[in-house]
Amino acid sequence: MDLERMQALLTALQEARFAGLRSVSYDGKTVTYGSDAELATAIRDLEGRIATASANPRRRRWGTVATKGL
């Protein structure tokens, strides 16, 4: 799933939660969550995936270390 779709789904989940709904329709599919806690967990998971997808990859630094063995 690309970043734009994940952000759109996150918006849909947040709007449903703030409206007090447990069902979310997106891309022609409807998902009904059992409780507000499940919906909150889905939102947190999606926020984590968005953060991972939008973060720049960490650069690695290589160097040489020499000791005299003392």
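This is a predicted model: local features need pLDDT of at least 70, side-chain atom pairs count only at pLDDT 80 or more; totals for chains, interfaces and linings use all residues.

**Exercise 1. A charged residue in a loop**

Is Asp-27 buried or exposed, and what is its relative accessible area?

*Solution.* Residues are numbered from 1 along each chain as its sequence is written, and side-chain values use heavy atoms, with hydrogens and water left out.

Step 1. Asp-27 is exposed, with a relative accessible area of 51%, where buried means under 20%, exposed over 50% and partly exposed in between, using a 1.4 Å probe and protein chains only.

Step 2. The side chain of Asp-27 forms a salt bridge with that of Arg-5, at 2.7 Å from N to O; the term requires a side-chain nitrogen of Lys or Arg within 4 Å of a carboxyl oxygen of Asp or Glu. This pair links distant parts of the chain, with Asp-27 in the loop between S1 and S2 and Arg-5 in helix H1, 22 residues apart. Helices (H or I, at least four residues) and strands (E, at least two) are DSSP runs, numbered from the N terminus. Arg-5, at 37% relative accessibility, counts as partly exposed.

Step 3. Turning to the backbone, Asp-27 has a positive phi of about 55° although it is not a glycine. Most residues other than glycine have a negative phi.

Step 4. Gly-28 also lies in the loop between S1 and S2, and Gly-28 is exposed, with a relative accessible area of 84%.

**Exercise 2. The other salt bridges**

How many salt bridges does a search of the whole structure find?

*Solution.* Step 1. The search of the whole structure finds three salt bridges.

Step 1. Arg-17 is paired with Asp-36, and their closest N and O atoms are 2.9 Å apart. Because Arg-17 lies in helix H1 and Asp-36 in helix H2, this pair ties together parts that are 19 residues apart in sequence. Arg-17 is partly exposed at 32% relative accessibility, and Asp-36 is partly exposed too, with a relative accessible area of 41%.

Step 2. Arg-49 forms a salt bridge with Asp-45, again with the closest N and O atoms 2.9 Å apart. Here both residues, Arg-49 and Asp-45, lie in helix H2, four residues apart, which is about one turn of the helix. Asp-45 counts as partly exposed, at 42% relative accessibility.

**Exercise 3. The nonpolar core**

Which residues have the most contacts inside the largest nonpolar core? Identify them, and then trace the contacts of Leu-13.

*Solution.* Step 1. The largest nonpolar core has 13 residues, and those with the most contacts inside it are Leu-13, Val-24, Tyr-33, Leu-39 and Leu-46. The elements that give two or more residues to this core are H1 and helix H2 (36-54), and H1 gives the most, with six residues. A nonpolar core is here a set of buried Ala, Val, Leu, Ile, Met, Phe, Trp, Tyr and Cys residues joined through side-chain atoms within 4.5 Å.

Step 1. Leaving aside neighbours within four places in sequence, Leu-13 is in contact (heavy atoms within 4.5 Å) with Val-24, Tyr-33, Leu-39, Ala-42, Ile-43 and Leu-46.

**Exercise 4. The largest pocket**

Which elements each supply at least two residues of the lining of the largest pocket?

*Solution.* Step 1. The elements are helix H1 (3-18), strand S1 (23-26) and strand S2 (29-32), and H1 gives the most to the lining, with three residues.

Step 2. By class, the lining has seven nonpolar, no polar and three charged residues; Ala, Val, Leu, Ile, Met, Phe, Trp, Tyr, Cys and Pro count as nonpolar, Asp, Glu, Lys and Arg as charged, and the others, Gly among them, as polar.
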